[in-house]
Structure formats: C-alpha cells, structure tokens
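Subject: Handover of a structure and notes on its contents

Dear colleague,

My notes on it follow directly after.

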Amino acid sequence: MGELPLDINIQEPRWDQSTFLGRARHFFTVTDPRNLLLSGAQLEASRNIVQNYRGEGGPDWPHVSPGAHEHDHHWLHAHILQGSKDEGHCRRGRSECLCSLRKTPTVVFWQWVNQSFNAIVNYSNRSGDTPITVRQLGTAYVSATTGAVATALGLKSLTKHLPPLVGRFVPFAAVAAANCINIPLMRQRELQVGIPVADEAGQRLGYSVTAAKQGIFQVVISRICMAIPAMAIPPLIMDTLEKKDFLKRRPWLGAPLQVGLVGFCLVFATPLCCALFPQKSSIHISNLEPELRAQIHEQNPSVEVVYYNKGL
C-alpha cells in the first residue's frame, strides 16, 4: 500500500456528483447519524487532519498524518467535518415529525419551535453571499414562522372531520405546505437580488434571480419528498398495529414506536432526497435575465451554461 498522494481534492465530494448514485453516496456519508455522537475533541482532531492535508496547518505542509496510507483516512475526516455541519437536516426531520405527534393546545408551541428551527436551517443552508440586515432577517423570520405555523395549524384542524387513517396523513400535508412557505420566505433576499452564477471554471459572472427561483424550487421539492416516507409509512404501520391486541394492551408503546419508525425512515430519506438535484446546479443562459445574459455574452461569448449553488 503506497503513501497517500497529495493531489486528491477533499474539499470536493468524493463521488461523481453528476449522477444520482454519486450524490446519494456522498449524502449517506455526511448525514450519517453516528456523526451526532462524536465529541468536540474528535471533531477538532478531524479538523486538524483536514487542515494539515489542505495546507492550512502551517509551514510544514504538505503534512500527512502518521499512519495515513490511503485515501479513505483523509476522506473519512473530511466527511466527519461536513457531517457535523449537516446535522441540522437530521434534527429538522426529527423535530418536524415529533411535532406532528403533539395534540392541541401544545401544538401551537411545538409548531412554533419546529418552524423556528426550520427557519434557522433554511437560512444557514441558503445560497449566495448577499449581505442581509438584522431587520431584513427579522422580517423574514417572522413572516416565515407565522405563515408556516398558521398553515400547519389550519391543515391540522381538518383531522377532526376526517376518518382516522386519512387524518394521519394531514401532518404530512401541513409539513409540505409549511416548507413551501418557510423556505422561500427565509431565502427571500435571494429572490430579490439573486444568487451568484459562474462558469464551469468557477469564475463568477453575475447574480441571477432566475437561478435563485430554480434553486429554491429544487430545495422545496427535496424537503417535501424527504418527509414522504417518514410521514406516510409510519401511519400505515401504526393504523395496523393499533388494531392488534398487543398494542391495545400497551398503549404507551404507541408514541416511542412511531418515533422509532420515523427515525428509521429519515435515515434513508434524508440522503436520498438531498441527492435528487446536484448541489452545483446549472441553467442555460437563454433562461437567464436579459441583462445578465447580455453581460455574460459580452464577457465570455462561448459560455452556454452557468452554474450556481442551490443551497440545501
């Protein structure tokens, strides 16, 4: 086994991101629930290893950690670091589904907590680098949480007039509708000024609102699809189990069993749905705003497609 070459780029995903399989493998790695169990010391050790490999560790670079003889060693620590940043997706899914288990009157409080957390996740995983003032951020938060909570509560109230099995799926509709409101409102600054678009080499060409709309739409679709298994499969299983004598004699098992089923679904749904669209998405310049299209043609007439970070 040879020494680890210093030409692999651990700042980029390990697998081909132009294919669904490559993106799925990447997200299965960085959303691994075991990352949540890592201590601060373990994360710091991974950070040091990655920084040394990247050349951020000082004048002794290039430095390969003792005993590092294959790519997997450094990829592992790079994935641990990225996974620690992506914990929000796992926690967001858990909080979303746990909120659906609550009954009125606590539902208002838990929906607010849930949508507040979602707002933080949506803002943290936005695209672009346009500055935003505290006032703009506060307005986005209030509008996003208020709209999402009101929509979720309105749909949840329908459960009183529906058959039990159908009523179990109303929380999914509430989550889907809340995502359609929360994500665009928390990222409304992107819809106002646009997000950076670049050529294949990464050279920034300008800002596009059209790209922002496309990226946000892709994120909303991914989030809704992410909720489908966790909020569709457990209700069917629980509806069957609750008719059995075993659960009738032990009703206290209902809540933990449903949480376990939801968690199991999220382990697979989160990475698979994050992989639905490339993180580095593309758009043909013919679909961009006329002003930006003219600007790109003037700068680089050969550019046909531009790329942007869609966010998560």
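The pLDDT is the predictor's confidence in each residue, on a scale from 0 to 100. It applies here because this is a predicted model. Helices and strands are DSSP runs, numbered from the N terminus.

Confidence

For the protein chain, the mean pLDDT is 76, with 75% of the residues at 70 or more. Among the elements, strand 4 has the highest mean pLDDT (92), while helix 4 (residues 87–99) has the lowest (47). Two stretches call for caution. Residues 1–5 have a pLDDT below 50, and this stretch makes 14 contacts in the model beyond near neighbours in sequence. Residues 86–102 also have a pLDDT below 50, with 45 contacts of that kind in the model. Where pLDDT is low, the predicted coordinates should not be read in detail.

In soluble globular proteins, nonpolar side chains tend to be buried together. In this model the largest nonpolar core has 13 residues, of which Val197, Leu288, Ile296 and Val306 touch the most other members. Two or more residues of this core come from each of strand 1 (195–198), helix 10 (209–241), helix 13 (290–299) and strand 4 (305–309). Leaving aside residues up to four places away in sequence, Ile296 touches Leu205, Ile285, Leu288, Pro301, Val303 and Val306. Another core, of 8 residues, lies apart from the largest one; Phe27, Met226, Ala275 and Leu312 are among its members.

Aromatic pairs

A pair of aromatic rings is described by the distance of the centres and the angle of the planes. The structure holds 2 aromatic pairs. In one of them, the rings of Phe28 and Phe268 have centres 6.3 Å apart and planes at 70 degrees; angles over 60 degrees count as edge-to-face, so this pair is edge-to-face. Because Phe28 lies in helix 1 (residues 20–30) and Phe268 in helix 12 (residues 254–274), the pair ties together parts that are 240 residues apart in sequence. Phe28 is partly exposed, at 34% relative accessible area, and Phe268 is also partly exposed, at 39%.

Phe264 and Phe268 form an edge-to-face pair as well, with 5.3 Å from centre to centre and 65 degrees between the planes. These two residues are 4 residues apart in helix 12, so about one helical turn separates them. Phe264 has a relative accessibility of 54% and therefore counts as exposed. Through these ring pairs, Phe28, Phe264 and Phe268 are linked into a cluster.

Helix 12 also contains Val262, which counts as buried at 8% relative accessibility. The C-alpha atoms of Val262 and Pro235 are separated by 9.6 Å, and the two residues are 27 residues apart along the chain.

Charges over rings

The charged end of Arg126 sits over the ring of Tyr123, at 3.9 Å from the ring centre. Likewise, the charged end of Lys280 sits over the ring of Tyr307, at 5.1 Å from the ring centre.

Helix 8

Helix 8 (residues 170–186) has 17 residues and reaches 24 Å from its first C-alpha to its last, which is close to the 24 Å expected at 1.5 Å a residue. Its buried residues are Val170, Pro171, Ala174, Val175, Ala176, Ala178, Asn179, Asn182, Ile183 and Met186.

With kind regards

Technical notes
Residues are numbered from 1 along each chain as its sequence is written. This is a predicted model: local features need pLDDT of at least 70, side-chain atom pairs count only at pLDDT 80 or more; totals for chains, interfaces and linings use all residues. Side-chain values use heavy atoms; hydrogens and water are left out. Rings of Phe, Tyr and Trp (its six-membered ring) pair if their centres lie within 6.5 Å; planes under 30 degrees apart count as stacked, over 60 as edge-to-face and the rest as tilted. Buried means under 20% relative accessible area, exposed over 50%, partly exposed in between (1.4 Å probe, protein chains only). A charge sits over a ring if NZ of Lys or CZ of Arg is within 6 Å of the ring centre and within 35 degrees of the ring normal. The expected span of a helix is 1.5 Å times one less than its number of residues. A nonpolar core is a set of buried Ala, Val, Leu, Ile, Met, Phe, Trp, Tyr and Cys residues joined through side-chain atoms within 4.5 Å. Contact means heavy atoms within 4.5 Å.
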